[in-house]
Amino acid sequence: MTNRHEMPTEFRRRLAAAVTIVLVVFGLTTVRLWRLQISEGDRYRSLSEHNRIRLKRVRATRGVILDRDGEVLVDNRPSFDLVLVPEDAKDVPRTIEALTRLLGPEAGDLSAAVADARNRPPFEEIVLLRDLDWERTVKIETHQFELPGVSVQVGPRRTYPFGEMAAHLLGYVGQVNQRELESRSGYRPGDLIGKTGAERQWEDYLRGIDGGQQVEVDALGRKLRVLSEVPETSGHNLVLTLDRDLQIVAEEALAGREGSVVAMDPRTGEILAMASRPAFDPNVFARGIRHDEWRALSEDQRHPLRSRAIQGTYPPGSTFKIVMAAAALEEGVITPFTRIGCGGGLRFGKRTFHCWRRGGHGSVDLHDALVHSCDVFFYQVGQRLGIDTISEYAKRFGLGVPTNVGIQHESGGTVPSRDWKEQRFGEPWYPGETLSVAIGQGYMTSTPLQMANLTAAIANGGTLFRPRMVKRAEATDGTVAFSDESVVVGDLGFKKSTILQIRDALFGVVNARRGTGARAKIDEIDVGGKTGTSQVRRLSKKRVKPENIPRRYRDHAWFVAFAPVGAPEVVVAVLVEHAGEGGGKVAAPIARTVLAKYFGIEDEDAAMDRVASFRHDHDHATVRPTTRLPF
Amino acid sequence: MRQFDRRLAYHFDWLLLGLTLVVTASGVATIYSATTGSADGRLLANPLVVRQMAYAAAGLVGLLAVVLFDYRHLERHAYVVYALVVLLLVLVPLIGTMGGGARRWLNLGVVSLQPSELAKVGVVIALARYFHHSPATGDCSLRDALPAFVLLGIPGGLILIQPDLGTVGLIALVCFSVLFFAGLRLRAFAILGAIGGAAIPILWSYLRPYQQQRVMTFLSPERDPLGAGYHVIQSKIAIGSGEFWGKGFLDGTQNKLHFLPEQHTDFIFSVFAEEWGFVGAMVLLAAYAMMIIRGFQVAGRAKDRFGAILAFGVTAIVFWQVIINIGMTAGVLPVVGLPLPFFSYGGSSLTATMIGMGLIINVNMRRFLF
C-alpha cells in the first residue's frame, strides 16, 4: 500500500459501509430526539414543571418474631403518619402554622422535623407526626385542600403485644441515628432499626428490602398514577426457641421481685424462657420515647433496662458446689465415700469460716454435703483443690466468659485465679480466699444464663452447648433462610460416675428429708436441683433478721434445677436479687412453678397448689424409703 | 522531525482540532450549568469546571505532543504501549481506589487515573499493529483474527473484574469494528454470531435465577424502576422538556433538583438538550458526525494499514460512545455508564480521547510523506 490508489476495493467498500452505518445511526438518533423534544415536547415540559414524576419509597414490612409454637411475640400494625412534601406545600412555614392551629399545641413542634430535613431534596417526604389518632386523621383529611403538600399515609408500626414480656430478649426498634447511618449502608434518616435484643441482633434478617414506586403527581403533589414499581420484600420472620406460655409463667413467678429466670432444654441448648424483672415496655421505644420517660427508666434504682439474665453477675453461692463436687471427684481429692466432719465452722488462721448451719452437719459425705449444702465440707475440698484447679473447672463449665447467646452486652462474670488477681489487683492470692470461692462467694460471679447452662451440662451428661434463642429465620413464603443448629462449645470430659453421683445428690437436694431444695419438689416428676444463697455483704457473727438489713445488703437467692432427673429435658435457673432469704425458700418455689408449667402439671391456681405441695413435701420425704436413685 | 517538513503544517487538520475544542468547550459550559446550584455562581469557583478545563489543557498538550512525532514510530512500539496499559489495569485491583461499587481508579495524588479509559486507545493501537503485519489483507479468516481476540481479551478480562461491563462492551464493539474494516470475511462474522448466539443460552441456563436477575439488571439497569430506570425517565423528561429552542443556558430545571446522580458525567447530554433544545442537540450531533466522517476519511487515505486502522479504530471509539451515551439518555439503549466523548466530566476519558484525536491528525498529516 505504497500508493493510495492500490487500496483494495474490499477495503473501500467496507469504509463506505461504515460511513453508511454512521449516517443511518445518526439519522435514527435525530428521529429519536425529534420525538422526545418536538412530538412529545409539550408533555415532557409539563412533567418537568412540578417534578411530576417522583420516586416514592415503599418500606419493607419488618419480619415478625414468633415463639417456638408460632405464637406472635412481636408484630406490626398500621400507623397513620402525617407527611409533608415541601415542594408541593409552596409556603412551608405557613403550612406548619396551619397544621399547628389545626392539631393544637400538644402535637409538639412540627417545624423541627422540617428543619432536620432541610438538606434533602424538596420533593422528598418528611414525616411530621407518627401514629395520628382517629380524630386528627379526620381533621387532616377534611382540611386536605387548605393544606397542599400535606397528607396522611399509612405505614407499619412495630408493636409488642405482650408489653414487658421478654422485653430484654426481644429488644426494641427505634429511629436510626447518625452513627448508625454512617456505619451501615442502606439506611436513610427516619428508618427504623433494631436497637437492642433480638431486634438488633437479627436486624439484617428482620429488616427486608424496601421497594418503591415511580408515581406521577399533579401540581398539588397528589398521586395520579403509578408508572412502575418494585414491590418491597418483607423481612424474615424470626422463630425463637422461646415458649411464650412458659415465659409468662416465669415472669409472673418473679412478680414484684428483682431477678431472673432462665429455662433451657439441656439436650439442645435452646432457651425456653428467659425472664428478667423488673422490665420495661418496648412499645414506648417503638413510638419514640420521650425524654422524661427515658430519664425515669434509666435512673430507676431497680434498673428495669438491665437484662439480669445475661448482664447481671452475682456470686453463685452454693450452686457453685456443683462445680466443686465435680472437680473434687475428677481430681480424686475425695471419693464418694470420703467423710468430713462439720462442726459448724472451719478454723483457718485467725478466722473461723462458718457453715451456714451453726450447729454443724456432723460427719458428711459428698452426697450429704450437697443435699444439705454443707459449707465446711466444701471448704475442705476447696483447700485440697487449690484456687487454680477450681478456676480451671469453673471455666470448663463455661463460667468467666459470655455464653454467646447472641444478645449485645452479655457479661461473662468472673472466675478468679492467682493470675487473675495478680493482673487485676497486683496482689497475691490469699489462701483464705480459696475458701470463699469454694462456696461460690468472694470474687466468683456468674450470670443466671451461665448457671442454667452449667446445670444443663450436668443434666445432659457433660456437653456444654452454646445457649441459643433462635430456631430459624424464614421468608414470608416459608423458605428457611437461616436455621440455627446446636453448637457444642465444650465437653466436660468427666467420668460417667462423676456426673451420676452429682445428679443423684441433686435429686436428694429436692427430694431427701430436710433437703435444702424441698420446695421445688413435684410429685409427678423427679426434680433435681441446688440451692444457693449469695452474700452481698459479709455478715457479723451475730444473726440478724433479714428485715433489719438494708435491702441492698440482703442476700441473693439462687436455685438451679433440672427434670426429670432420669432423662432431663428442661433446666431452670432462678435468681432473686436481695431476697433476704435463702434460695431454698425464695428461689426454689419459683423454679417449681416453671417446671410444673413445663410438664403441664397444676394448670390452675398455682399459688394454692404451691401451698399444698408444701405439705406434700414433708409427708412424702419421710415415707420414701431411699433418697438415692437406682442409676 | 529534525527538519520540520512544511507540508506537515500544511496538512494539519484544523477542522478536527477545531471540532474537538468546540465540543470540549461546550462540555465545560454544560458541566458548569449541571453542577452550579444557581446562575450567579462564578465560573472559576466551581471546582469541577476548573478541573475539567485543566484536563482539557492537558489533553491538548497530549494531542499536540502526539502530532509532533511520526506515528510510524508508534507502530514499532505499539505492543509496549499495549503492555503498559495492561500493567496499569493489573494494578487497579491491587492498589486501585473504590468508587460507586467498583474499583476503577489509580490514585496519583492530585488526580486519579482511570486505566480503562486508556485501554480503549491502547487496544486500538495494538490491533492496528497486528493487522499492519497480518498477511491477510482484506481477506482475513477467523484464524487470522484469533490474535486480535487475545489482544481484546486480556484488558477485557481485567476491566470485567473491576467491574465495568460497559467499557468491556465498548472495547469489544471497537474491536469488531476494526475487524470489519481490516477485512474479516463476512462469513467469519456469521460464524462468530452463530457461536455467540448458541453459547449465551447455554451459559444462561447454568446460572441460578438470582444470578440471572443480577445479570439482567446489570445489562439493562432501566429494568430497575427505582434506580437507573428512574434516571432514564428523568433524563427523558429533561431532554423532551427542552423542546425546540431549549430552556436556555443555566435555566434547565430538571437537573437542578438532583434527579440525576450522574448529571455531569454520564447524563450530561440530557442537561445540554434541556437547555439548548432540539436545535442545540442537532448542532452537537452534527459536530460529532463531521468528526467521525472526517476520521473515516483519514483512514481511507492513510499511507499504510497501520495508520488506516489506527484512524478508523479511534474514530470507532468516538462513534460508539456518542451513540451509546445519547441513546442511553434518550431512553433507547441500556444504561451502561459510558461517557460522551469530549463532553462528559472526567480527566482520563477527556485526555485519552484527545490523544486519540492527535493520532488521527498525525496519520492525516503524514499521508504525503514517503
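How many bridges join β1(A) to strand β8 of chain A, and in which sense do the two strands run? Six bridges join them, and the strands run antiparallel. The model described here is predicted.

## The three-stranded sheet of chain A

Strand β8 of chain A covers residues 211–217. Together with β1 and β9 it makes an open sheet of three strands, ordered β1-β8-β9, with antiparallel pairing. β1 (53–58) and β9 (223–230) of chain A are the edge strands, each pairing on one side only. From one strand to the next the twist averages 30°.

α11(B) lies across β1, β8 and β9 of chain A and runs at about 165° to β1(A).

## The contact between chains A and B

In the contact between the chains, 46 residues of chain B touch 35 residues of chain A. Four helices of chain B each supply at least two residues of the side that touches chain A: α8 (165–182), α11 (228–241), α12 (268–300) and α13 (305–329). The largest share of that side, twelve residues, is contributed by α12(B). By residue type, the side of chain B that touches chain A consists of 26 nonpolar, 14 polar and six charged residues.

Strand β21 of chain A spans residues 528–534; seven of its seven residues are buried, so the strand is largely enclosed by the rest of the structure. Gly528(A), Lys530(A), Gly532(A) and Ser534(A) point one way from β21(A), while Gly529(A), Thr531(A) and Thr533(A) point the other way, and all are buried.

The strand pairs with β22 (residues 556–563) of chain A in the antiparallel sense, over seven bridges. In this pair, Thr531(A) stands opposite Phe559(A) of β22(A).

## Two mostly covered helices

Helix α22 of chain A (residues 496–511) has 16 residues, which should span 22 Å at 1.5 Å a residue; the end C-alpha atoms are 22 Å apart, so the two values agree. Of its 16 residues, 13 are buried, and α22(A) is mostly covered.

In chain B, helix α14 (residues 347–365) has 19 residues and reaches 27 Å from its first C-alpha to its last, close to the 27 Å expected at 1.5 Å a residue. α14(B) is mostly covered too, with 18 of its 19 residues buried.

The peptide bond from Arg277(A) to Pro278(A) is cis, with omega near -5°. Pro278(A) belongs to the loop between β12 (270–277) and α12 (282–286) of chain A. Another cis peptide bond joins Ala563(A) and Pro564(A), where omega is about -15°. Pro564(A) lies in the loop between β22 and β23 (570–576) of chain A.

Positive phi values in residues other than glycine are found at His303(A), near 50°, and at Ser373(A), near 55°. His303(A) is in the loop between α13 (291–299) and α14 (308–311) of chain A. It has 17 C-beta neighbours inside 10 Å and therefore counts as partly exposed. Ser373(A) sits in the loop between α16 (366–371) and α17 (375–385) of chain A. Ser373(A) counts as buried because it has 29 C-beta neighbours inside 10 Å, the cut-off for a buried residue being 20 or more.

Methods: Residues numbered from 1 in each chain as written. Chains lettered and ligands numbered in written order. Predicted model: local features only at pLDDT ≥ 70, side-chain atom pairs only at ≥ 80, totals over all residues. Contact = placed C-beta atoms within 7 Å. Nonpolar A, V, L, I, M, F, W, Y, C, P; charged D, E, K, R; others polar. Buried ≥ 20, exposed ≤ 12 C-beta atoms within 10 Å, placed from the backbone. Pairing = 2+ DSSP bridges. Expected span 1.5 Å × (residues − 1). Axes fitted to C-alpha atoms, helices over the stretch in contact; angles between N-to-C directions.
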